[in-house]
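Please consider the structure shown here. The briefing below is arranged by topic for a reader with the coordinates at hand.

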Amino acid sequence: PNIPNPWIVDKYKKNEKISNRIIYVGDVSSQNNFKSIFDSIYELKKKYKNLHLMIIGSGNKEKELRDYSKKKKYDFIEFKGNLNHEDTLKEISLSEIGIALYNGNMNYDDFRDSCKIREYQALGTIPLTTNIVRSNVDEINKFKSGIIIKNSSEEIQKAIKSIVSNNKLKNELIKNCLKNNEIYKNKFMEFYQLIR
């Protein structure tokens, strides 16, 4: 499985979370309906003022989305572009929620194994994902270590609201993410010993 490197991840585990900070890491392209995500968060910001979205990555929709955000005056969105791996892990470690939405349009989606979700979990960032990537969905269901949604603005809003409005649920999900990661941390070390 795609497993984050424990001794790199461990450097960032003690970083303090920024309240209500959401992160997306990946391709900024048409696989996700970013405008719908932005609009959903904007609606929630009317009640939860400190919501903030960090976008890490680039792609063929980046300029269009930057322009859209500027036009809508969505000052809660920060585009960071491409970062190196360690800087990305640092940004994940500061975030409470990690967006990892898949639409199932890629021919490998059924067999995908998302390292992004596991990096989120390793750093106590709650993955918000769709039910496309089976391996990760099975883990999330087993460990209650994330939220699985349909890829719609209503579901995105509902899921984010459920986390930011309920500290008990948020802390439970963060704890379960870290537990989920411990299983894979041990697997990583087993594989690492085999190739040494």
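The model is predicted. The protein contains eight helices and six strands, and 50% of its 196 residues are buried.

**Overall architecture**

- Read from the N terminus, the elements follow the order α-β-α-β-α-β-α-β-α-β-α-β-α-α.
- Among contacts with a separation of 6 or more, 75% are between residues 24 or more positions apart.

**Aromatic pairs**

- Six aromatic pairs are present in the structure.
- One of them joins Phe-38 and Phe-79 in an edge-to-face arrangement, with 6.2 Å from centre to centre and 85° between the planes.
- Phe-38 belongs to helix 2 (residues 34-45) and Phe-79 to strand 3 (residues 77-81), so this pair ties together parts that are 41 residues apart in sequence.
- Phe-38 and Phe-79 are both buried.
- The ring centres of Tyr-74 and Phe-76 lie 5.1 Å apart with the planes at 40°, so this pair is tilted; an angle over 60 degrees would be needed for edge-to-face, and one under 30 degrees for stacked.
- Tyr-74 and Phe-76 are likewise both buried.
- One aromatic cluster is formed by Tyr-24, Phe-34, Phe-38 and Phe-79.

**Asn-32 in its loop**

- Asn-32 is located in the loop between strand 1 (21-25) and helix 2.
- With a relative accessible area of 8%, Asn-32 counts as buried because the value is under 20%.
- Leaving aside residues up to four places away in sequence, Asn-32 touches Tyr-24, Leu-101 and Asn-151; of these, Tyr-24 is also a member of the aromatic cluster.

**Contact of helix 5 with helix 6**

- The axes of helix 5 (residues 115-122) and helix 6 (residues 134-143) come within 9 Å and cross at roughly 30°.
- The two helices, helix 5 and helix 6, are therefore roughly parallel to each other, since angles under 35 degrees are classed in this way.
- On the side of helix 5, the contact involves Ile-117, Arg-118 and Gln-121; on the side of helix 6, Ser-135, Asn-136, Glu-139 and Ile-140 take part.
- By residue class, this contact of helix 5 with helix 6 comprises two nonpolar, three polar and two charged residues.

Note on methods: Residues are numbered from 1 along each chain as its sequence is written. This is a predicted model: local features need pLDDT of at least 70, side-chain atom pairs count only at pLDDT 80 or more; totals for chains, interfaces and linings use all residues. Side-chain values use heavy atoms; hydrogens and water are left out. Rings of Phe, Tyr and Trp (its six-membered ring) pair if their centres lie within 6.5 Å; planes under 30 degrees apart count as stacked, over 60 as edge-to-face and the rest as tilted. Helices (H or I, at least four residues) and strands (E, at least two) are DSSP runs, numbered from the N terminus. Buried means under 20% relative accessible area, exposed over 50%, partly exposed in between (1.4 Å probe, protein chains only). Contact means heavy atoms within 4.5 Å. Axes are lines fitted to C-alpha atoms, for helices over the stretch in contact, and angles run from 0 to 180 degrees between N-to-C directions. Angles under 35 degrees count as roughly parallel, over 145 as roughly antiparallel, 65 to 115 as roughly perpendicular and the rest as oblique. Ala, Val, Leu, Ile, Met, Phe, Trp, Tyr, Cys and Pro count as nonpolar, Asp, Glu, Lys and Arg as charged, and the others, Gly among them, as polar.
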